[in-house]
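Q: Hi! Could you walk me through this one? I'd like to start with a pocket.

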2 protein chains.
Amino acid sequence: MVKPAIEFYFDFSSPYAYVANEWIDALAARHGRTVRRHAILLGVAFAAAELKSPVAYPLKREYSLHDFARSARFERVPYVQPTPFPIATHHAARVFWWLHDTQGDAPAAQWARSAFRAYFTQGVVLSDPGALRELAQASGLDAAAAEAAWNDPIWKDRLREANEQALRAGLFGAPFFVVDGEPFWGNDRKAQIERRLAEGPF
Amino acid sequence: MVKPAIEFYFDFSSPYAYVANEWIDALAARHGRTVRRHAILLGVAFAAAELKSPVAYPLKREYSLHDFARSARFERVPYVQPTPFPIATHHAARVFWWLHDTQGDAPAAQWARSAFRAYFTQGVVLSDPGALRELAQASGLDAAAAEAAWNDPIWKDRLREANEQALRAGLFGAPFFVVDGEPFWGNDRKAQIERRLAEGPF
């Protein structure tokens, strides 16, 4: 019997989701699982949960900027704090869903890796259409088709639907995981997710 | 040369601080360190940082209640979600500082363990003066002296001073640790703190 996929929700502007995106596939594979990715907009969830980005709060901001980079180093993942930060990621997310629905999980996952790494290691501003076109091109996509997709009402609707589904799943932050129906929030829940996969509910 | 103590800040109403209070001494000892505890009021820090308790936010509330208990189980620490929750902890915190300043670190740490365990395993409501007197008695303290201490302006001032020092140290949540000058926030930073102690800055 095939075990259910790990549901993995992320916003392309979340440093912790970027780090988790680097370890989630290997962790899943060690436990005979696959990963089902969901690109969403954290701003929608923050509005629903009356939350803000950690860098929008006094005191927490400075700590968070330190912790983003440290948490990446802890997982041996390269990290360069991008500016501007955070950014709007609806274009990048629509490209994800366009690839997902027209080409499948693997090309969408490849785009997720490519866009995350571009922003968090090279500072490629995903909210800038010119930069995003270049990134699409460099990632082996048809840049004009990618741009058409992120402007197309079909993929706008698809992203909206993904956001709504994420809220129904209980999401209020990123990364957000669902393992066999149980939610886990945060890159720092990696060890708990690993135990859940190894032992079941604990 | 004696290595600096690990600074450990907590509010008696924080589930994650309770869990951390159970592992911090053993972790410190493994690395030749001691622990310097600081009882503070998280409400003061939340006000300064424009934050609220995780259970005060829609969506996040239900997840947090699940995660409190799960995070305790992950560390093999007993946990029974108390009600009411959260509670005012200024009385318990003043008893901490009274013991700390008049009897030393060890009796204060013993009170911290006793009060945390009473609230998070037996539902002893630390904000209730009668319950707190009984707990003081059961913890081997002079209950009348403890009550006098939590009503004494000296220990009110001492707690206020502790809160102000915590804000200067960068605290905006609990548990909050400072290891050789570097801040770590959260029970879930245990593995990072361990690496910091073993390897230095990473």
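Q: Which residues lie nearest the centre of the second largest pocket?
A: Asp188(A), Ala191(A), Asp188(B), Lys190(B) and Ala191(B) do, out of 18 residues that line the second largest pocket. A pocket here is an open set of points on a 1 Å grid over the protein atoms alone, where a 1.4 Å probe fits, with protein on both sides within 12 Å along at least five of seven lines; lining residues have an atom within 4 Å of a point.

Q: Before I go on, what am I looking at?
A: This is a predicted model, in which local features need pLDDT of at least 70 and side-chain atom pairs count only at pLDDT 80 or more, while totals for chains, interfaces and linings use all residues. Residues are numbered from 1 along each chain as its sequence is written, chains are lettered from A in the order in which they are written, and side-chain values use heavy atoms, with hydrogens and water left out.

Q: Thanks! Which helices supply at least two residues each to that pocket's lining?
A: H3 and H9 of chain A do, along with helix H3 (60-74) and helix H9 (190-199) of chain B.

Q: Switching to the interface: how many residues are in contact?
A: 31 residues of chain A contact 31 residues of chain B, with contact meaning heavy atoms within 4.5 Å.

Q: Which element gives chain A's side its largest share?
A: First, the polar side of things: there are 20 residue pairs in polar contact across the interface, both residues at pLDDT 80 or more. A polar contact is a pair of N or O atoms within 3.5 Å; within protein, one must be able to donate a hydrogen and the other to accept it, and residues adjacent in sequence count only if both atoms are side-chain atoms. As for the share, H3(A) gives the largest, with eight residues on the side of chain A that touches chain B. That side has 17 nonpolar, three polar and 11 charged residues.

Q: How many salt bridges are there between chain A and chain B?
A: Six, counting a side-chain nitrogen of Lys or Arg within 4 Å of a carboxyl oxygen of Asp or Glu. One salt bridge joins the side chains of Arg70(A) and Glu182(B), at 2.8 Å from N to O.

Q: And how many over all chains?
A: The structure holds 36. Among them, Arg36(B) meets Glu7(B) at 2.4 Å, N to O. Arg36(B) sits in strand E2 (residues 35-39) and Glu7(B) in strand E1 (residues 6-10), 29 residues apart.

Notes
Helix = DSSP H or I, 4+ residues; strand = E, 2+ residues; numbered from the N terminus. Nonpolar A, V, L, I, M, F, W, Y, C, P; charged D, E, K, R; others polar.
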